[in-house]
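These are my notebook entries on one structure. I record what I looked up, entry by entry.

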Amino acid sequence: MTRPPVLGVDGAVKHYDGGGVVRALDGVSFELHAGELLGIMGPSGSGKSTLLLIAGLLEPPTAGEVRIGGQRVSWPGADLDGLREVRRRRIGFVFQKPNLIPFLNATENVALALEIDDVPPGPARRHAGGLLRALGLAHRASSLPARLSGGEQQRVAVARALANDPPLILADEPTAALDSVRGRQVIALFRRIADERGAGIAVVTHDPRALDLFDRTIELSDGKLVGASTGIGGLVLQRGLSEGDVERR
Amino acid sequence: MDARQPRRSGRGDWIVNLALRDIRFNAVRFLLTMAGVGLLVTAAIGMVGLYRGIIADALLIVRDIGADLWVVQGGRAGPFAEGSAVSATLDRRVEGVEGVAAVRRFVQFNQQFEAGGRSLRATVTGIDHPADDGGWLRLAQGRGLSAGHFEAVADESVGLAIDDVVRLGADDHRVVGLTRGMVDQMGDGLLFVTINDAQAIARRRTAEEVLLARAAGNRSGAATTSSVPQDSKIAAVLVALDSAADPAAVVAAIRRWGDVAVLSRDDQVDLLLNKRLWRLRVQILAFTSVLLAVMTIVVSLIVHTMTLEKLHQIALLKLIGARNGVVVSMIGQQAMLIGSGGFLAGVGIAHLVFPLFPRRVEMTVADLAALFATVLAIAGIAALFGISRAMRVHAREVLS
Ligand SMILES: Nc1ncnc2c1ncn2[C@@H]1O[C@H](COP(=O)(O)OP(=O)(O)OP(=O)(O)O)[C@@H](O)[C@H]1O
Ligand SMILES: [Mg+2]
């Protein structure tokens with residue numbers, strides 16, 4: 001018996017009301033497995049961020065459902081505020097902006113994710129220090145965010161996402177603010193985390209240069225899944241969707 | 001990379017103190033904010049203290065002089081709320097009343113005079129020496145009156161020093177003692193002389209006023225607001241009762257004469273607080289409430305602004321799954337720190353500044369405690385508003 005996927009999104013629909021209904025997501029389904037690094041691509045406005053918000057339990061879907069570790073956690077009308085513990089322990093978030101707390105240093109920013117989960121400060125800081133060291137930031141451990149470069153801040157944000165050792169990591173354009181070298185480093189970091197920790201990682205990205213590091217990518221357009229590809233060791237194969245999907249469009 | 005996930009403590013609600021870290025990070029701003037709140041608190045302490053000071057000053061003589069009854073001019077509520085003049089020999093009549101243990105004569109009037117080239121102002125108060133040993137004076141320096149004539153004990157606020165000689169009426173008086181904090185209801189410092197001297201000073205003044213009035217063609221004689229408008233009159237006779245006496249019987253006996261009025265100490269206190277000072281008290285209390293309203297609004301705005309500035313971080317905390325308690329304690333603690341820090345700053349400034357003020361600003365522990373509770377309540381209410389705003393923040397707002 002295989003383990004359930006880390007993340008399962010089933011027929012996710014999201015409509016926004018804003019002077020006419022915006023169909024941000026229009027029936028998207030996908031699964032993410034442990035140790036897998038998934039790229040989510042698509043033009044601007046295609047619904048990538050919306051998909052991540054729904055998968056990350058920050059927005060309820062208008063229709064469809066979200067499963068985490070095989071457990072149904074979000075559906076239309078679900079109480080997302082009550083899912084904080086799931087977010088705290090099972091999901092790590094990384095965004096385009098690092099969103100660090102400006103008055104806490106790097107170690108404390110990372111340790112915060114543990115301390116809000118009742119880990120005493122001593123062990124939390126030690127663990128945070130270890131993570132920062134692993135991400136090459138040992139020398140920046142006690143710097144405030146304002147003293148860090150954009151790439152360093154983003155790595156601190158990654159360390160914070162990793163702090164609780166979550167099985168699922170969701171990242172929305174984590175490299176958009178970085179140059180291509182730094183951007184690739186961050187994706188490589190996710191690759192390592194997926195390999196070494198067995199986390200399932202979904203990354204929204206526009207950047208085609210690091211695509212070789214992904215296990216596979218899915219592509220959105222107008223809120224629908226329009227393509228998927230499997231990358232194997234730098235070779236990217238494009239393949240169409242199933243006939244049913246194509247028919248629906 | 002393979003560092004093991006540390007254990008949860010299970011019970012711990014221990015968390016890095018976000019409120020304090022933020023304060024440390026923005027220390028200058030926080031200190032300025034606290035100083036601002038502190039100045040408001042200082043102003044509130046000042047208003048309340050002024051109120052207390054005015055009451056304390058007004059009641060000082062009535063309380064300190066230790067008379068059970070005041071026998072004053074008939075039909076008058078003297079000598080503080082209204083003028084009063086009674087015969088200088090009334091004390092002997094009162095002394096004969098059953099139940100009266102001791103009597104003293106009392107006279108008090110304002111006087112301007114020159115001393116050492118300066119124009120000074122004091123409220124001359126007659127002490128019935130030697131019947132009254134003046135033991136109730138709050139002496140800070142020197143001694144009380146010991147000679148029957150030409151000595152004076154002045155309050156520090158008058159501006160005289162020991163051994164200064166002041167000409168009052170037709171005679172020179174030597175300052176032998178200084179009191180501290182003894183002023184009349186208008187804040188003028190008291191200047192104590194024996195009752196005979198006081199009468200002489202008043203007589204001389206009356207005579208001058210009569211001459212002046214005649215010179216001005218006013219045939220009706222002296223016009224004066226002093227409690228001693230005529231020669232050889234005093235303002236009141238103070239009565240100490242026998243411990244066994246029935247006060248009501250003594251009052252009734254004196255009242256039966258028909259030409260005098262009798263007031264108890266409580267009557268005097270009531271007259272001063274609820275008649276003479278009524279408008280002033282209401283005025284100050286009204287100002288105090290305006291000030292507290294301003295303080296409420298300002299502190300609320302400060303706490304609210306602080307919350308608004310942190311909405312992004314609050315959204316982040318929610319995003320990474322922090323419980324509401326983390327957010328609530330961050331906002332609540334900061335509000336309380338601003339409140340209590342501001343209060344301490346306010347008390348500090350008040351202690352530095354108010355002693356330099358011309359009138360007494362009385363800071364009682366009870367008032368300060370009440371003000372502290374008020375400030376904390378204001379901060380608490382402001383924090384509740386901030387918290388309710390913070391609770392409406394969605395985690396996804398991190399992304400906007
Ligand atoms: N809160 C919202 N209210 C109304 N419409 C929204 C909201 N959020 C997103 N949308 C709309 O939903 C659609 C999908 O938005 P989404 O942010 O998911 O796109 P995206 O693929 O992440 O784009 P980008 O690459 O520019 O980040 C867009 O048309 C957007 O305008
Ligand atoms: Mg987006």
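**Entry 1: the shell around ligand 1**

I began with ligand 1 and found that α1(A) supplies the largest share of its shell, three residues. Helices (H or I, at least four residues) and strands (E, at least two) are DSSP runs, numbered from the N terminus. The model is a predicted one, in which local features need pLDDT of at least 70 and side-chain atom pairs count only at pLDDT 80 or more, while totals for chains, interfaces and linings use all residues. Residues are numbered from 1 along each chain as its sequence is written, chains are lettered from A and ligands numbered from 1 in the order in which they are written, and side-chain values use heavy atoms, with hydrogens and water left out.

I noted that β2 (21-32) and α1 (48-55) of chain A each give at least two residues to the shell. There are 13 residues around ligand 1, and S44(A), G45(A), K48(A), S49(A) and T50(A) come nearest; a residue is near a molecule or strand if one of its heavy atoms lies within 4 Å of it.

I then looked up the polar atoms. An oxygen atom of ligand 1 is 2.7 Å from an N or O atom in the side chain of K48(A). For the side chain of S49(A), I also found an N or O atom at 2.7 Å from an oxygen atom of ligand 1. With S46(A), a polar backbone atom lies 3.2 Å from an oxygen atom of the ligand. Taken alone, ligand 1 exposes 630 Å², and the protein buries 61% of that. Such accessible areas come from the Shrake-Rupley method with a 1.4 Å probe; for residues, only the protein chains shown count as cover.

Helix α3 (residues 106-115) of chain A has 10 of its 10 residues buried. What covers them? The cover includes α4 and α5 of chain A, together with α1 (18-25) and α8 (311-319) of chain B; contact means heavy atoms within 4.5 Å. At the start of α3(A), a side-chain oxygen of N105(A) reaches to within 3.1 Å of the backbone nitrogen of T107(A).

**Entry 2: the nonpolar cores**

I looked up the largest nonpolar core and found 120 residues in it; L7(A) and W70(B) have the most contacts inside it. A nonpolar core is a set of buried Ala, Val, Leu, Ile, Met, Phe, Trp, Tyr and Cys residues joined through side-chain atoms within 4.5 Å. Helix α2 (residues 27-64) of chain B gives the most to this core, with 15 residues. The core also draws at least three residues from each of domain 1 (18-58 + 279-399) and domain 2 (85-234) of chain B. Apart from this core lies another, of 41 residues, among them L114(A), A124(A), V158(A) and I201(A).

Leaving out residues up to four places away in sequence, L7(A) touches several residues, including F30(A), L32(A), V66(A), I68(A) and L170(A).

**Entry 3: the domains of chain B**

The two domains of chain B have bounds that come from an automatic or database domain assignment. Their centres, taken over C-alpha atoms, are separated by 48 Å. Four residues of domain 1 are in contact with seven residues of domain 2.

**Entry 4: two residues of chain B**

D188(B) lies in the loop between β8 (171-179) and β9 (190-194) of chain B. Why does D188(B) count as buried? I recorded it as buried because its relative accessibility is 15%. Its side chain makes a polar contact with the side chain of R121(B) at 2.9 Å. A polar contact is a pair of N or O atoms within 3.5 Å; within protein, one must be able to donate a hydrogen and the other to accept it, and residues adjacent in sequence count only if both atoms are side-chain atoms.

T307(B) is found in helix α7 (residues 278-309) of chain B. T307(B) counts as buried because its relative accessibility is 2%. A polar atom of its side chain lies 2.7 Å from the backbone oxygen of V303(B). Not counting residues up to four places away in sequence, T307(B) touches I314(B), I331(B), G386(B) and A390(B).

Definitions and conventions
Buried means under 20% relative accessible area, exposed over 50%, partly exposed in between (1.4 Å probe, protein chains only).
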